[in-house]
Structure formats: structure tokens, C-alpha cells
Amino acid sequence: MLAWKLPNGQLRQVEEGSTLLEVAKSLAGTFASPVVEGIFNNEAIDLQKPLYEDGEIGFIEVNTEEGMRVYTRTLLFMLLVSAKKLRPDVELEVRNTLGSALYCVDHSSHKLTSEDIKAIEAEMRQLVAAKTPITLKRLPKVEAMQVACSFCTSDREALLMQVPEDAVLSLYYLENQPGYFFGPMCPDCSYVPNFELLPYGDGVIINYPDTGDWTYLPPFEDKPRLNAAYQEEEDWSAMIQCNTIGKLNKLIEEGYAGRIIQVAEALHEKKLAGIADMIAARKDELKLVLIAGPSSSGKTSTAQRLSIQMAVNGLRPMPISMDDYYLNRVDSPRKPDGSYDFECLEAIDLELFNEHLQKLLAGERVKMPKYNFRTGFREYRGNELQMQENSVLVVEGIHGLNEKLTASIPANKKMKIYVSALTPMSFDEHNRIHTTDARLLRRMVRDSQFRSHDAEATLLRWGDVREGEEKYIFPFQTSADVVFNTTLIYELAVLKKYAVPLLEAVPRTAGKAFMTAQRLLTMLYYVKEIDDAAIPNNSILREFVGGSIFKDAL
């Protein structure tokens, strides 16, 4: 018999080989939302995984970010199985998210029609109504690879070849159809009742609930500029045959790492030059460029590199950091728990900011503030700005897309640029890499390099950062005039060297931070490293790993 400590502190005796699903069902009435994943000794595991040791257990509900990943993964499996059942020729590849929706492109010669998609959704709903089980099978590597690689490309085989020969892999079965996914599944289809399928582009969208309310299905809100940026990057990386980790690893093994770096950096330069050309074409009226984006999207480096491209076109960029307009800390708004809320718009001195913008645009000389993050006060250190002929203000900060920030400036005088790391990379066509994970790795490495924060501190704060993004950044994405994707197809291979030691140092006692660290370590396990010596000193990635030519602005 095994002894398991329950979340309420009680001990429960169970047979060897028992699963957390059995315990979760016995405690069902104590949870606010359905349990979709287990925790065993602070490590996240599938509810159906047999266990053979004593330990402390916990549960992950669907109304959490990790829980919604399980929900979405399950919906994807149901879609793939249902589509194959009704349209055996279909070739779906997971692409990206658009808010609370997942886009899958169809590569088959006869694309899915609206009627096909309605029929597939009806088939999925039958799976829900029947509570069709999704069965976990743990198989030795050789046997698992024979199954997993039978319904996917060589990218999956290349990944699994890196797994130790004595490893045991998890496969899932739905109506006798196998699936291989990087993460747990719900035990049966009734766990995911709220969804809809919608035709979109060359494929289909799965619309699902937002994190925090699994019972409500919000209407799908299209973000054409954002999706176009995703698709452009996806198509480009596929064109140069580097859109999966398997392909990237092969290029690294064959000695093409330096070439990949050069090509990826050249694409960034080309895109920034194009944006600078757009600004120059409006130089007679455009006087304000606003750059905004979520945490670790590379806003500062983007602002600096864009300014250089603007100068090439004869413009005089004048960079301004929105951070310098924070209210003095003692005057900052607070959250309900009493802590300072530095993410909200009201943390910015909007009156002073707009006053300075108006004066600058009128040609007046303005004494510029500098926020001292150590003391929590704005200071004036003798820096003054005055616009000249062909001058353009370049303002960087998280609230740049919020119209309230620059309400006093007419729309024709400003351009809004949304910056984010929209990764086109995936493990294979059914297992994508989350953009939020890529940004989290960037932030964790930067925090360690420049802010003396360990990985545990970054991981524990990440929830608050994400909450602020959902409130103050993402709602304004659609107001952007331009979307600039700062992702670099090679960056995980560089970040791995820095991130792995940090993640391995996160103690098991760190709870959620430990679980996240283990998930990220699993992701990085499949990525081969690249030496960062070849990365140019103006690269956006230098903002995070060090050696940036723009270090004074960071």
C-alpha cells in the first residue's frame, strides 16, 4: 500500500499503481472547477498515470492557465480524430492562437469546407455527449516511436530519437486513434463541452473559453494584423525549412547555425527598414511613433533599431521612455492587496506626459524627467529635448496603443506599432511552442543577467505580469497600425545555455514555480544549443543575453 497526503492534509492509503484520477473523483465536490491535471510531489502529471511511491498530491483545475492548456490540447486531439474520421485526406497543422482561439491550417489539396467543419464539430459534440474516454498508454521508446511516427512527419522522429533508449513515453488513444502530445489530456471528452469550430483562412479555428471561466465561450474576435504577422513568419520559416525544432536541430548539426543567425537577423533588419520607409512616407504629418508590447517582447531594442533606420531616411528620431513618466512611487495606485500596481495606465503621469508631448510638437524645449527605480522618484538631470525639422518622437512603453495615453495628439500625427515575439517554431505539426513560454524564457534570462533575480523569483512573478498584459496590453492589439514580430527562429537554441542552469536550480519546494520550471526544461531538452558568439551586438536577443550595443537604453 502507498500513503498519499491529500491537499487538505489527510493521509490516504492506496494500492500501488493507483492514479490521481481516482482520488480526484472522490474529492469532486471540493473543487470550484473540474480537475484536469494532477500534482505529485510538486510535479505536474497526467491524472491517469499509474504511481508506485508515497507522496504529496494536489490538483490543477481547468480555471487556471495550465488547466486551460490541457483543455485546449484535448480539443485539438478531438478535432484531429474527428477530422480524420470524416475527411481521411485532411492534413491539419497547428499554427497559433488568436486570443482564446487556436488556428489550424489544412494542407490537403481539397480544403475543408464550411459544411465539413460543421460536420466535424457535430462529431466532436457526440464525443462530449458520450463521455468518450481518452486513454493514456505508457510504452517503451521503440514501441512508442513506431506508433507516434506513423501519423506525423520526420520532425517527430528526429525529436524522439534524442530520448534515451530506456525511456517510457506517453501516448493517448481516442476511439482507437493514437496521438502524441507534449502534455497531459483530459480523461474523457466530457471535460471540454464549451467550444466551437469556425472556418478561417486555409483551415479552421477552435474557439474555446478564456482562462478563469471555462463555462463561458466568448465570441471569436478576429485580429487580422496579428494573424497576418503570425502567418507571414510561419510561411517564411517553412520556406527556409526551419519551422520546427527537428529542422533547426538538423541545421545546427550540419554546421549551419551561423547561417541561420544571419538570415534571421537580416529578416528583422528588412522589416524594420520597411517600417522606417512607411514613417518617412508620412514625414510631413507624422511626428509621433508609439511602440508597445508585452513583457520581454524586445520593445527597447526595436525602438533603437527602428530609430537607426529612420535616420537612414533623413529623419531625426527622438527616443522617449514611458517609464520615465511613472508617478512617484508614493503616489502610485495600489492593488486590492495593498501592493503597488505599476502595470496600470494610471501609474503614468498622463497629465505631464501629454503636456510634454504638446510642447515638443509645438517646437518648445522641454526638460525631460528620468525615473529613478531605486528611490521611486522622478528626477531631472539636465536632459532637454526640442524638435527640429524632420524630428519624430519615438515613445516606447507598454501603454503605447492605449488611446488615453496620447488623447491630446491627433491620429494623423502618430503611428502605433505593436511588438511581440510571435514564435513560428513548433515541435511538429501537432505540438506548438507557446509564445508566452518563449517570452518567459527571455525574461528569466534577462532577470538573471541584469537584475540579479533567480528563476524562481521570475516564475513566481510571471502570473502578475500576465494578468497585467491581459488587462492593459492585449485589449489594444487591434488598434496597432503595424505589427512587428521580434521572434528569432534560432533563439531557443541560444537561450537554452542560459536558461537550463537557472531552471534546474528551482527547488521542488517552490510549488507552481517548480512545475513551470520542469515543463520548460522538458521543452528545452529537445533543443540543441547554439554558441551565441555569432549573434550581432544589435540583435534583439542581445537585450536578454547581454552584449547589446544599446545597453545604455536597456
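**Close-up 1. Three strands make an open sheet in the order 8-9-10, with antiparallel pairing.** This is a predicted model, where local features need pLDDT of at least 70, side-chain atom pairs count only at pLDDT 80 or more, and totals for chains, interfaces and linings use all residues. Residues are numbered from 1 along each chain as its sequence is written, and side-chain values use heavy atoms, with hydrogens and water left out. The strands here are DSSP runs of E, at least two residues long, while helices are runs of H or I of at least four, and numbering goes from the N terminus. Two strands count as paired if DSSP finds at least two bridges between them. At the edges sit strand 8 (134-140) and strand 10 (177-179), each pairing on one side only. From one strand to the next, the twist averages 35°; angles run from 0 to 180 degrees between N-to-C directions, and axes are lines fitted to C-alpha atoms, for helices over the stretch in contact. Strand 8 and strand 9 (residues 168-174) run antiparallel and are joined by 7 bridges. Helix 4 (residues 141-148) lies across strand 8, strand 9 and strand 10, running at about 130° to strand 8.

**Close-up 2. Here is an open sheet of 4 strands, in the order 6-7-12-11 and with antiparallel pairing.** Its edge strands are strand 6 (92-97) and strand 11 (196-200), and each of them pairs on one side only. The twist averages 30° from one strand to the next. Strand 6 pairs with strand 7 (residues 101-106) in the antiparallel sense, over 5 bridges. Within that pair, T97 has L102 of strand 7 as its bridge partner. Helix 6 (residues 224-239) packs on this sheet and touches strand 6, strand 7 and strand 11, with a direction about 135° from that of strand 6. Touching, or contact, means heavy atoms within 4.5 Å.

**Close-up 3. Strand 18 (residues 414-420) is mostly covered, with 7 of its 7 residues buried.** Buried means under 20% relative accessible area, exposed means over 50%, and partly exposed is in between (1.4 Å probe, protein chains only). Both faces of strand 18 are covered: K414, K416, Y418 and S420 are on one side, with M415, I417 and V419 on the other. Strand 18 pairs in the parallel sense with strand 13 (residues 288-292), over 5 bridges, and A292 stands opposite Y418. Strand 18 also runs parallel to strand 21 (residues 482-485), with 4 bridges joining the two. In that pairing, V419 stands opposite F484.

**Close-up 4. Helix 11 (residues 435-450) and helix 12 (residues 455-472) pack at an angle of about 130°, with their axes 10 Å apart.** That angle makes helix 11 oblique to helix 12; under 35 degrees counts as roughly parallel, over 145 as roughly antiparallel, 65 to 115 as roughly perpendicular, and the rest as oblique. Helix 11 brings residues including R439, L440 and M444 to the contact, and helix 12 brings residues including L459, W462 and V465.

**Close-up 5. Y191 is found in the loop between strand 10 and strand 11.** With a relative accessible area of 16%, Y191 is buried. Leaving aside its neighbours within four places in sequence, Y191 is in contact with L21, P34, V35, V36, Y71, C186 and W214. As for E364, it is 173 residues from Y191 in sequence and 62 Å from it in space, C-alpha to C-alpha.

**Close-up 6. S301 is found in helix 9 (residues 299-312).** S301 counts as buried because its relative accessibility is 0%. Its side chain makes a polar contact with the side chain of E543, at 2.7 Å. A polar contact is a pair of N or O atoms within 3.5 Å; within protein, one must be able to donate a hydrogen and the other to accept it, and residues adjacent in sequence count only if both atoms are side-chain atoms.

**Close-up 7. Phi of N41 is near 50°, a positive value in a residue other than glycine.** N41 is in the loop between strand 3 (35-40) and strand 4 (43-45). N41 is partly exposed, at 24% relative accessible area.
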